[in-house]
Amino acid sequence: MEISEILKKLNDIFIDVLDNENLKLTESTTANDVEEWDSLSHIQLIVALEKSFKIRFNAAEVRNWKDIGEMCQSIKSKLK
């Protein structure tokens with residue numbers, strides 16, 4: 001799966017979890033850029049990502065993500 005496909009799927013998941021139809025993620029998007037993305041919704045997002053992509057993240061991976069691009073790269077590496 002290509003990064004662009006992962007980003008599209010991520011955007012759909014974020015729209016659903018954060019209940020924001022106008023959300024448009026880019027690889028440089030951070031939690032600071034999205035008003036609804038707080039610590040509680042972050043956990044909900046991780047759970048939704050793991051279910052959707054059928055993968056698991058450890059705490060260190062999640063903690064090291066600085067933006068959506070790094071999240072996409074982490075997902076891509078787990079899908080190989």
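Biologist: Which residues in H1 are buried?

Modeller: In H1, the buried ones are Ile-3, Ile-6, Leu-7, Leu-10, Asn-11, Ile-13, Phe-14, Ile-15 and Leu-18. Buried means under 20% relative accessible area, exposed means over 50%, and partly exposed lies in between (1.4 Å probe, protein chains only). Helices (H or I, at least four residues) and strands (E, at least two) are DSSP runs, numbered from the N terminus. A word on the source: this is a predicted model, in which local features need pLDDT of at least 70 and side-chain atom pairs count only at pLDDT 80 or more, while totals for chains, interfaces and linings use all residues. Residues are numbered from 1 along each chain as its sequence is written, and side-chain values use heavy atoms, with hydrogens and water left out.

Biologist: Why do residues three or four places apart on a helix point the same way?

Modeller: An α-helix has 3.6 residues a turn, so residues with that spacing point the same way. In this model, what covers the buried residues of H1 includes helix H2 (39–53) and helix H4 (68–78). Being in contact means having heavy atoms within 4.5 Å.

Biologist: How do I check the span of H1 against its number of residues?

Modeller: The expected span of a helix is 1.5 Å times one less than its number of residues. H1 (residues 3–18) has 16 residues and should span 22 Å; its end C-alpha atoms are 21 Å apart, which agrees.

Biologist: At what angle do H1 and H2 pack?

Modeller: Two packed helices are described by the angle between their axes and the distance between the axes. The axes are lines fitted to C-alpha atoms, for helices over the stretch in contact, and angles run from 0 to 180 degrees between N-to-C directions. H1 and H2 pack at about 130 degrees, with axes 10 Å apart. Angles under 35 degrees count as roughly parallel, over 145 as roughly antiparallel, 65 to 115 as roughly perpendicular and the rest as oblique. H1 and H2 are therefore oblique to each other.

Biologist: Is the crossing of H1 and H2 left-handed or right-handed?

Modeller: A crossing is left-handed if the near helix is turned anticlockwise from the far one by less than a right angle, and right-handed if clockwise. H1 passes H2 in a right-handed crossing. The residues of this contact of H1 with H2 divide into 10 nonpolar, three polar and one charged. Here Ala, Val, Leu, Ile, Met, Phe, Trp, Tyr, Cys and Pro count as nonpolar, Asp, Glu, Lys and Arg as charged, and the others, Gly among them, as polar. From the H2 side, the buried residues Ser-41, Leu-45, Ile-46, Leu-49, Glu-50 and Phe-53 pack against H1, helix H3 (59–64) and H4.

Biologist: How are H1 and H4 placed relative to each other?

Modeller: The angle between H1 and H4 is about 115 degrees and their axes are 10 Å apart. The two helices are therefore roughly perpendicular to each other. Their contact divides into nine nonpolar residues, one polar and one charged. On the H1 side, Ile-3, Ile-6, Leu-7, Leu-10 and Phe-14 meet Ile-68, Met-71, Cys-72, Gln-73, Ile-75 and Lys-76 in H4. The crossing of H1 and H4 is right-handed.

Biologist: Which residues does Leu-18 touch?

Modeller: Leu-18 sits in helix H1 and counts as buried at 7% relative accessibility. Not counting residues up to four places away in sequence, Leu-18 touches Leu-23, Val-34, Glu-36, Trp-37, Ser-41 and Leu-45.

Biologist: What phi does Asp-19 take?

Modeller: Just after H1, Asp-19 takes a positive phi of about 55 degrees, although it is not a glycine. Asp-19 lies in the loop between H1 and H2 and counts as exposed at 65% relative accessibility. Lys-54, in the loop between H2 and H3, has a positive phi near 55 degrees and is likewise a residue other than glycine. The relative accessible area of Lys-54 is 73%, which is exposed.

Biologist: Is Asn-20 buried or exposed?

Modeller: Asn-20, found in the loop between H1 and H2, is buried, with a relative accessible area of 16%. Asn-20 touches Ile-15 and Glu-36, leaving aside residues up to four places away in sequence.
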